[in-house]
Amino acid sequence: MEALQGVTEMVSSIDDAPARDKVKLQIAEKLIATDPKLLVELIQHKPEVRKEIPIEGVKIMEGEIGFSTAEIKAIVSNITTAYREIMCADSKGLPSLKAVLDRILLLTKDKIPSLELYNELVQQTNMLETPIEVQTEIKGETTIEKLDDLTKKDGLSLITDEAIEGIKKLFEQTGSDNELKLADKLLDKLTHNFGATISDIRLKTAQAFKKLYSGIETLKNPEIVKSVDNQLIATEDKESHGPTYSEIASILQEAANRYLKEGNRKKSSEIIQLFRKHTHSKEGFLDRYKLAEETMHKFAESELSRLLLDELCSTDESKQKDTGLLVELGDFVVSALIQRIKETPNIEVRKSIVFLIEKIGETAITRLVEELDLEKRAESSLRIIELLDKIGHPDIVVEQLRETLSNPDFNVRKAVVRKLNEIGTDRAKQIIVDVITNDPSPGIRQLGIGFLGDAKYTPAVSPLIDLISVQSRQIGISASLQHTALGKMGETIQEETCIALGKIGAKEAIPALRLAARSGTAFRRAKSDKVRVAAVQALVNLGDSEVSKFANDSNLLIQKIVREMQQG
């Protein structure tokens, strides 16, 4: 009784045919409840298969046993559903469903089943043909009548090409309440297939929905559409089969786009959040999070993303600017946001985009600043740099700005130095110190010197002293600086340096400033007087005891500075 061979032998040994039929049906039901594939083994008489089969409660009853219509319908429904699941998975070498039922019912050549029995079987499956002996002819059946017949069968009957085409036609002509009710009934029955244990059935069901979805969206009853979408969302959340997951994902992407156009952001958000949740979880089937990431990328490249970005970048104040959905798209939409920054001249719009990137998180900020390395167009780089002081995480921003100082474009490097000064962290000032001794452009070095003086940044004193020392032209500076230090811009840099040292209040700079204040070969060009004036003013600011020596200087402005200091 525990092995398939024992079951087969037991059933064969029953003399009473009705009892034998009853036991056969009962065993079939037990097999279905345990494993539908065992049903095939029983039917095909493969005694070599060894597997325990629970058949508790099976009793051999004596005498004539009949079956009520309800009993037949219930038993046959279970058997046909299970067998058709097997057929969907692998139909090779399996007998037809009619042969299966015939074997189970032990119908012999000299015993033709009743018309009532076969009508019950036909109601349960469209894979079973009524034999010639009991056929009834049906003529003039309409599409609606055929579909109505399908509602009396299980959901598997709805995933055939013929059924799908019929449902499409129904969607095209739905207008009456009865037709809408029929459509709702068919869709509800179709969704039941998602509960099948066989993955191929769920896949074919998802594919059927994909073919039908455009028609579903046109139905005049929004509750039907909403019900279908809710079922798809619930199914996707627990789906364990990759291809089925992908098919449903493509349908839900279309649904999210539609809901956004209809103004139902909450429903669009629900769909996006489902896939966002899956990207953050390694639960579910293998690689589910990868498929969810692919779906999120598709969302970011879809019409939904474009509509949201157009809305965000619009200068029309009447347009709603709810950034919630873009935040939910998260890192997947960052590339599109960065592209909008590079393309948008309006500073206020770009600020809105940067604030959104900050909301998305640190990874998004990093990608924005790293774009400076990738971007070759100066105009686009400047549009990004202009906004970087508006973002949190200054450590990330400052280090990337340091890298951008290697950009060959003068305006880009100048913008970087300005932005470092606006950020104003100690690390930002350290980088500006490097700029004043290493940047190839005197104009950018001068800018950096002025910023360091205004900031009274004491760690800059030593490099600044080097810039006004005679020896600095020979050592400690790049070759390009040695070349330009004797030019007009070199004198301007020295002038700016003297001013900066005076602002910082670095008394250790007094000897170098005294040297700069004197006339002589070190400052022989015409503009050297400006350097001398700046140096004397710095000495006055520092309270140099020897500054009075310049009271009778040939430069009238220097005389004036010293006398004002003495008088006051």
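**From charged pairs to the core**

Start with aspartate 553 and arginine 532, whose side chains come together in a salt bridge, 2.4 Å from N to O. This pair links distant parts of the chain: arginine 532 belongs to helix α29, while aspartate 553 sits in the loop between α29 (528-542) and α30 (556-567), 21 residues apart. Bear in mind as you look that the model is predicted. Are these two partners buried or exposed? Aspartate 553 has a relative accessible area of 12%, and since the cut-off for buried is under 20%, it counts as buried. Arginine 532 is buried as well, at 3% relative accessibility.

Salt bridges can also share partners, and here they join Lys261, Glu303, Arg306, Asp310 and Arg340 into one network. Across the model, the count comes to 32 salt bridges.

Now turn to a pair within a single helix. Glutamate 399 forms a salt bridge with arginine 402, and their closest N and O atoms are 3.1 Å apart. Both residues lie in helix α21 (residues 394-404), three residues apart, which is about one turn of the helix. Glutamate 399 is partly exposed, with 29% relative accessibility, and arginine 402 is partly exposed too, at 35%.

How far apart are the two along helix α13? They are three residues apart, so about one helical turn separates them. Glutamate 270 is partly exposed, at 35% relative accessibility, whereas lysine 267 is buried, with a relative accessible area of 8%.

Stay in this helix for a moment and select serine 268, which has its place in α13 (residues 265-279). Its relative accessible area is 0%, so serine 268 is buried. What does serine 268 touch, once residues up to four places away in sequence are set aside? The list is Ala256, Tyr259, Leu260, Leu304 and Leu325.

From here, let's head for the nonpolar interior. In soluble globular proteins, nonpolar side chains tend to be buried together. In this model the largest nonpolar core has 134 residues, and Ile216 and Leu513 touch the most other members.

Helix α9 (residues 177-191) has 15 residues and reaches 21 Å from its first C-alpha to its last, close to the 21 Å expected at 1.5 Å a residue.

Arginine 518 is found in the loop between α28 (510-517) and α29. With a relative accessible area of 47%, arginine 518 is partly exposed.

Note on methods:
Residues numbered from 1 in each chain as written. Predicted model: local features only at pLDDT ≥ 70, side-chain atom pairs only at ≥ 80, totals over all residues. Heavy atoms only, no water. Helix = DSSP H or I, 4+ residues; strand = E, 2+ residues; numbered from the N terminus. Buried < 20%, exposed > 50% of the residue type's maximum accessible area, 1.4 Å probe, protein only. Contact = heavy atoms within 4.5 Å. Salt bridge = Lys/Arg side-chain N within 4 Å of Asp/Glu carboxyl O. Core = buried A, V, L, I, M, F, W, Y, C linked by side-chain atoms within 4.5 Å. Expected span 1.5 Å × (residues − 1).
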